[in-house]
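Thanks for making the time this morning. I would like to walk you through one model, going from a loop to a pair of helices, then to the sheet and the ligand.

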Amino acid sequence: MQSLRVDLGSRSYPIHIGPGLIGDKDRFAPALAPGPVAIISDSNVAPLYLEALDKTLRSLGKTVLNIILPAGEGSKTLASIQEITGQLLSAGFGRDCSLCALGGGVIGDIAGFAAAAYQRGVAYLQVPTTLLAMVDSSVGGKTGVNHPLGKNMIGAFYQPRAVIADTDTLDTLPEREFRSGLSEVIKYGLISDQGFFSWLEDHMDAVMARDTAALMHIIERSCADKAEVVTRDEQEGGLRAILNLGHTFGHAIEAASGYGTFLHGEAVAIGIIMAADLSRRLDLIRESEQDRIYALMEGAGLPTLAPRLPVTEYLRFMQVDKKAQGGQVRFILLRGIGEAVITGDVPPAAVIQTLNAFME
Ligand code: NAD
Ligand code: MG
């Protein structure tokens with residue numbers, strides 16, 4: 001097992017990474033509040049791992065309530081919060097209870113927000129079961145649900161008491177979901193960790209084979225890199241935006257191609273390839289660096305081209321992103337492998353050239 005700590009003063013918490021951790025009661029005990037526990041999971045994950053977690057919590061003498069939501073982004077609604085809080089109230093759970101999010105980013109975001117809101121805040125633990133959740137959504141304290149008018153529009157910054165990432169759960173993760181998570185992993189190397197990027201170039205075979213040691217390494221590096229950024233900017237005042245490398249293009253690709261065509265990480269992979277191209281056009285990185293980035297995404301089995309659509313379609317969705325950011329399209333660009341820069345100062349012609357260069 002490997003452990004690291006997210007340093008946020010009184011809101012600090014450990015991240016534990018390794019095989020078999022769902023069965024390791026000593027990881028759970030220190031993070032739980034004194035009262036009962038509710039496990040929140042989804043209809044895919046519950047049949048696989050809920051019984052084991054339930055057993056671990058009961059071995060600690062806990063009363064355990066299981067709440068299972070339908071799998072998928074469609075569950076990220078206020079109705080799910082109503083459902084969860086209703087079950088907690090019916091079971092008589094007080095402020096001394098804990099919630100355990102067992103699942104991917106969808107469950108983590110819902111359970112985290114339910115924990116932030118239930119009786120003005122109760123303890124929660126993240127037990128992520130997708131690669132994306134292990135390296136991204138379970139760390140950093142962003143929680144929330146969607147509104148019909150916008151994704152993640154209702155939520156809170158609310159930190160978990162612990163993140164317990166059992167790498168064995170990745171055995172059952174569908175291949176496409178696994179690769180999609182890898183794109184965020186590669187992102188960390190690009191924005192802040194040149195050594196990690198090189199390590200990924202040398203070890204992609206072991207990663208793709210889901211070798212336990214390789215998985216532990218990529219999760220540990222990703223969490224450490226994300227924790228470093230989050231520690232310096234907990235509520236996204238500025239620096240935290242570098243975590244959005246590839247996301248300006250990526251969001252436009254997700255929206256323009258119709259949500260569901262690409263998984264988020266797939267759209268981000270293409271977005272990162274575009275951000276690298278734009279960085280090279282602006283003379284921030286060399287062509288050889290751009291080539292390495294492209295090769296690593298391709299080697300991870302990720303898509304590298306966006307669907308062929310009129311450029312104006314993509315630009316329109318990038319403008320929507322801009323509105324959300326207070327009037328300026330902000331690009332996260334690279335000044336080398338391992339260094340990101342945030343800039344609003346990008347010539348539109350270069351953006352159009354980049355979009356045209358990476359369409360099918
Ligand atoms: P997800 O939670 O929908 O999981 C993907 C699919 O895999 C689901 O069908 C799920 O049931 C299934 N699954 C999960 N674990 C499995 C396992 N071990 N074996 C087999 N199947 C398994 O999606 P995700 O990609 O994990 O998360 C996406 C969500 O995360 C989005 O809603 C996004 O907004 C959110 N997110 C949040 C943050 C944050 O900082 N809070 C960051 C990034 C993404
Ligand atoms: Mg992302």
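Asp-283 sits in the loop between α10 and α11, where helices (H or I, at least four residues) and strands (E, at least two) are DSSP runs numbered from the N terminus. Although Asp-283 is not a glycine, its phi is positive, at about 60°. Asp-283 counts as exposed because 7 C-beta neighbours lie inside 10 Å; the cut-offs are 20 or more other C-beta atoms within 10 Å for buried, 12 or fewer for exposed, and partly exposed in between, with C-beta atoms placed from the backbone.

Before going on, a word on the model itself. This is a predicted model, in which local features need pLDDT of at least 70 and side-chain atom pairs count only at pLDDT 80 or more, while totals for chains, interfaces and linings use all residues. Residues are numbered from 1 along each chain as its sequence is written, and chains are lettered from A and ligands numbered from 1 in the order in which they are written.

Now to the helices on either side of that loop. The axes of α10 (residues 264–281) and α11 (residues 287–299) come within 9 Å and cross at roughly 175°, the axes being lines fitted to C-alpha atoms, for helices over the stretch in contact, with angles from 0 to 180 degrees between N-to-C directions. The two helices α10 and α11 are therefore roughly antiparallel to each other, a term for angles over 145 degrees, whereas under 35 is roughly parallel, 65 to 115 roughly perpendicular and the rest oblique. On the α10 side the contact includes Ala-269, Ile-272 and Ile-273, and on the α11 side Ile-293, Tyr-294 and Met-297 are among the residues involved; two residues are in contact if their C-beta atoms, placed from the backbone, lie within 7 Å. The residues of this contact divide into seven nonpolar, one polar and three charged, where Ala, Val, Leu, Ile, Met, Phe, Trp, Tyr, Cys and Pro count as nonpolar, Asp, Glu, Lys and Arg as charged, and the others, Gly among them, as polar.

Pro-47 is placed in α2 and is exposed, with 10 other C-beta atoms within 10 Å. Arg-120, in the loop between α4 and β6, has a phi near 65°, a positive value in a residue other than glycine.

Finally, the ligand. Of the 27 residues around ligand 1, those that come nearest are Asn-44, Gly-104, Gly-105, Thr-130 and Ser-137, a residue being near if its C-beta atom, placed from the backbone, lies within 6 Å of the molecule or strand. The elements giving two or more residues to this shell are α4 and α5 (131–137).
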